[in-house]
Amino acid sequence: MTTLADLAELVRAPAALSVPGDVIAGAAAAGALSPRTPALAGASVLLYWAGMAANDWADRGLDAVERPERPIPSGRVTPAAAVGLAAGLTAAGVGLAAAVGGRRAVALAVPLAATIWGYDLLAKNTAAGPAVMAACRGLDVLLGASGGRVTRALPAAATVAAHTWTVTALSRREVTGADATLPMRTLAGTALVAASAAVAAPRRVAVLPAVLAGWYAARYGAAQAEVVRDPSAGRVRAAVGAGITGLPALQGALTARGGAGLLGVAVAAAAPLGRRLARKVSPT
């Protein structure tokens, strides 16, 4: 019998703490923070969980060989239940976005949902995989900006997308391990991402965004440096986990850069909580 714990493992529930910050950072950048922002963040979480369930449904054959302990190959969740849950969460996420954000939110939520499913079903195991996943996160940031000037959120969206590219590129070597050149490239990318988050217009370093961006870079960068030293599968998985659970610190820096300093600190506070929960349910 499928339990709530099985479903939480299927959708990597703790990893959802890395999601609301996308919407908040986008809203802050676009000058669109409002009472509807939490609801848009909720829609984003639903779409994220849908993607996780669809991912495991699409990978059920591979997981039976490489990760037989996962909910579907272990028999704790049926394939039909997984894909049904993914479809239901997708509909709920788009519906919630429509209810609170109207046409402008739908214009971003629908492409976001399509890109999530496109990654899971088509792009994941291709060379385009990291770029498609990066596009998912970028669209998620723009979803938060849908109530304001979306173009003002493009730099924040690009920053989060670049971070996501590094995490996704590493995640493709979670089972096999990596050569040392991959973490060296992603580490360089992380440095550029952190620097971008720390700089506020017009090209000046703001203290709070710089502190939060430095925290992000220190945690995620240290994990990648370990992969450079030892590119084994276990180290790669640890770095991927650090990239997922450390994202709120980056989102907090971007939120603070958008002028919402205290909210940025609150967003960043999800990072240590996510690491704690990740000890119970793997985010990868």
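1. In helix 7, His163, Thr166, Val167 and Leu170 meet Tyr216, Tyr220 and Gln224 of helix 9; contact here means heavy atoms within 4.5 Å. The residues of this contact divide into four nonpolar, three polar and no charged. Ala, Val, Leu, Ile, Met, Phe, Trp, Tyr, Cys and Pro count as nonpolar, Asp, Glu, Lys and Arg as charged, and the others, Gly among them, as polar.

2. The model is predicted: local features need pLDDT of at least 70, side-chain atom pairs count only at pLDDT 80 or more, and totals for chains, interfaces and linings use all residues. Residues are numbered from 1 along each chain as its sequence is written, and side-chain values use heavy atoms, with hydrogens and water left out.

3. The axes of helix 7 and helix 9 come within 13 Å and cross at roughly 20°. That makes helix 7 roughly parallel to helix 9. Angles under 35 degrees count as roughly parallel, over 145 as roughly antiparallel, 65 to 115 as roughly perpendicular and the rest as oblique. Axes are lines fitted to C-alpha atoms, for helices over the stretch in contact, with angles from 0 to 180 degrees between N-to-C directions. Helices (H or I, at least four residues) are DSSP runs, numbered from the N terminus.

4. Helix 7 (residues 154–171) also pairs with helix 8 (residues 181–198): their axes come within 9 Å and cross at roughly 165°. The two are therefore roughly antiparallel to each other. Helix 7 passes helix 8 in a left-handed crossing, and helix 7 likewise passes helix 9 in a left-handed crossing. A crossing is left-handed if the near helix is turned anticlockwise from the far one by less than a right angle, and right-handed if clockwise.

5. On the helix 7 side, Thr159, Ala162, His163, Trp165, Thr166, Ala169 and Leu170 meet Leu182, Pro183, Thr186, Gly189, Thr190, Val193 and Ser196 in helix 8. By class, this contact of helix 7 with helix 8 has seven nonpolar, seven polar and no charged residues.

6. The axes of helix 9 and helix 11 (residues 261–268) come within 11 Å and cross at roughly 10°. These helices are therefore roughly parallel to each other. Leu208, Leu212 and Trp215 of helix 9 make the contact with Gly261, Gly264, Val265 and Ala268 of helix 11. Its classes are five nonpolar, two polar and no charged residues.

7. The largest nonpolar core holds 71 residues, of which Leu112, Leu143, Tyr216, Leu250 and Leu254 touch the most other members. Such a core is a set of buried Ala, Val, Leu, Ile, Met, Phe, Trp, Tyr and Cys residues joined through side-chain atoms within 4.5 Å. Among the helices that each supply at least two residues are helix 2 (20–30), helix 5 (79–123) and helix 10 (233–257). Not counting residues up to four places away in sequence, Leu254 touches Ala25, Ala156, Thr159, Val160 and Ala197.

8. Arg12 lies in the loop between helix 1 (4–10) and helix 2. Its phi is near 50°, a positive value in a residue other than glycine. Most residues other than glycine have a negative phi. Arg12 is buried, with a relative accessible area of 5%. Buried means under 20% relative accessible area, exposed over 50%, and partly exposed in between (1.4 Å probe, protein chains only).

9. Val207, in helix 9, counts as exposed at 67% relative accessibility. Val207 and Arg257 are 50 residues apart in sequence and 9.4 Å apart in space, C-alpha to C-alpha.
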